[in-house]
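Reader: Before I look at individual residues, please show me the model, and then let us go through it by question and answer.

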Amino acid sequence: MRNFWKRWAAGLAMSGIATLAAAEPAKTLSLSAWQFLQAGRGDQIWQVLAGYEQTQPDVGLKKVAYPYSSYIKTISTQLGARSGPDLLLLNDVDLANFARAGVLEPLDDVVDEGLRGRLAEVNDLARVDGKRYALNFDTVTFALVWNRTLLAQAGVQPPRDFAGLLAASQAVREKAGVPGYGERNQTNNEEQLWNAISTWTIGYGGVWSKDGKLTIDAPANVQALADFKKLQAGGGVAVGDDFSTLRTRFAQGKIGMLIESSSNVQSILSSKDAAIGAQDIGIGRPPFPLDAVRGSSSYIAINAHGKNKAEAKQYLKWLFTPPVQQRLQEALGGSVVGTTQVPPPAAFLAGNPWASQYFKQAPRARTAVIVDFEEKTPQIRTIIVSEFAKVLLGNEDVAQALGRAQTRAEQAVRKLSLIHI
């Protein structure tokens, strides 16, 4: 509607007719997300979200996009200064800290009985100290992705366990001349290394906490990261590449396998550098002992210091209606919306058969957020990653490294608890 009025005013001006002021919406809601910059789906996601303008001509939508690498730092600075967007997306790891910082608006009055019955279980993570501060926007899971041509050239089958992954990565390196496997293994990138090692520990049945106590040095975690280290040292892995470079190299047919999310597979296939298509890749469960897979969720929240909080709440009520959730699911592709009973888009699955694995494994997804230590996850994460980095950079023993991380994390939690008191 807003665009119509702008075109109308411009047409009158070109014809020499005096114009009235172009009609503008009474309110403009700004919405910030890193997803808007994702190739292959960012524009489609925005088209769904901006569809609100068609139902509410007095309210406009403004897109605010920052790269994922700088997103949290940028948004936290803005909200801390009592500015920033009206609506924003946050990842699961940072949500509790934003809520406890007092920069998010409680949303209990947004969720009526009908919506409450449709919310997926992952929405429970958005409740902090008894209040709801966000709603789940989407959840992506991680699966093994392989280049069919490179594995065939190396004479190996898609691996189903760690031994197969190690052998296949080495064979691709030897026979195809490119890394057989790519992993987020940069020791100077805390968040990406955390995501990688959490994917492995979840697949091995490991947990960072249990019954309100930290279990960082549990045997399953030690075994998972010992195998992670063994794979890195096996000669078949790309070393030193960030996750963006890994995706580009895979799209160019220069890496045999990745463990990657559904959203990133979409970006890979939509990349201008892509030399492979949907028919050239295979998707299967990660080659770990258990079927459990890592899930990464994003949540939509309202800026507590925003000037349009009432309008933002009305927007969320619209966004989580069944018809809009269905349209959003179609735009998201392989990730899953935050409400139940929304089927995967049939047309998308027909053109992207690889996506079926992601929908199949979604019920088994587990978050990397540390249960009972949600708001302390960033600090504990720093400790675990710093100790494991010593393992990757030298000959440190995994069990000893995680033992040190356990002790340091327990001390940090006690100190943080005293500060909060």
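Reader: In which loop is Asp372 found?

Author: This is a predicted model, in which local features need pLDDT of at least 70, side-chain atom pairs count only at pLDDT 80 or more, and totals for chains, interfaces and linings use all residues. Residues are numbered from 1 along each chain as its sequence is written, and side-chain values use heavy atoms, with hydrogens and water left out. Helices (H or I, at least four residues) and strands (E, at least two) are DSSP runs numbered from the N terminus. In those terms, Asp372 is found in the loop between strand E15 (365-366) and helix H17 (377-393).

Reader: Is Asp372 buried, partly exposed or exposed?

Author: Buried means under 20% relative accessible area and exposed over 50%, with partly exposed in between, using a 1.4 Å probe and protein chains only. The relative accessible area of Asp372 is 47%, and therefore Asp372 counts as partly exposed.

Reader: What is the phi of Gln341, and where does this residue lie?

Author: Gln341 belongs to the loop between strand E14 (336-337) and helix H15 (346-351). Its relative accessibility is 76%, so Gln341 counts as exposed. Although Gln341 is not a glycine, its phi is positive, at about 60°.

Reader: Why do the buried residues of H4 line one face of the helix?

Author: An α-helix has 3.6 residues a turn, so residues three or four places apart point the same way. The buried residues of H4 are Tyr71, Ile75, Gln78 and Leu79, whereas Ser69, Lys73, Thr77 and Gly80 are exposed on the other side. When the arc is taken from the directions between the helix axis and the C-beta atoms, the buried residues line one face because they fall within an arc of 90°.

Reader: What covers the buried residues of H4?

Author: Contact here means heavy atoms within 4.5 Å. The covering elements include strand E1 (27-32), strand E3 (87-91) and helix H5 (92-100).

Reader: Which kind of aromatic pair do Trp34 and Tyr71 form?

Author: Rings of Phe, Tyr and Trp (its six-membered ring) pair if their centres lie within 6.5 Å, and planes under 30 degrees apart count as stacked, over 60 as edge-to-face and the rest as tilted. Trp34 lies in the loop between E1 and helix H2 (42-49), 37 residues apart from Tyr71 in helix H4. Trp34, at 11% relative accessibility, counts as buried, as does Tyr71 at 1%. Because the ring centres are 5.0 Å apart and the planes stand at 75°, the pair is edge-to-face.

Reader: Which residues of the largest nonpolar core touch the most other members?

Author: A nonpolar core is a set of buried Ala, Val, Leu, Ile, Met, Phe, Trp, Tyr and Cys residues joined through side-chain atoms within 4.5 Å. The largest has 53 residues, and helix H13 (residues 309-319) gives the most to it, with five residues. The members that touch the most others are Leu49, Leu104, Tyr315 and Leu316.
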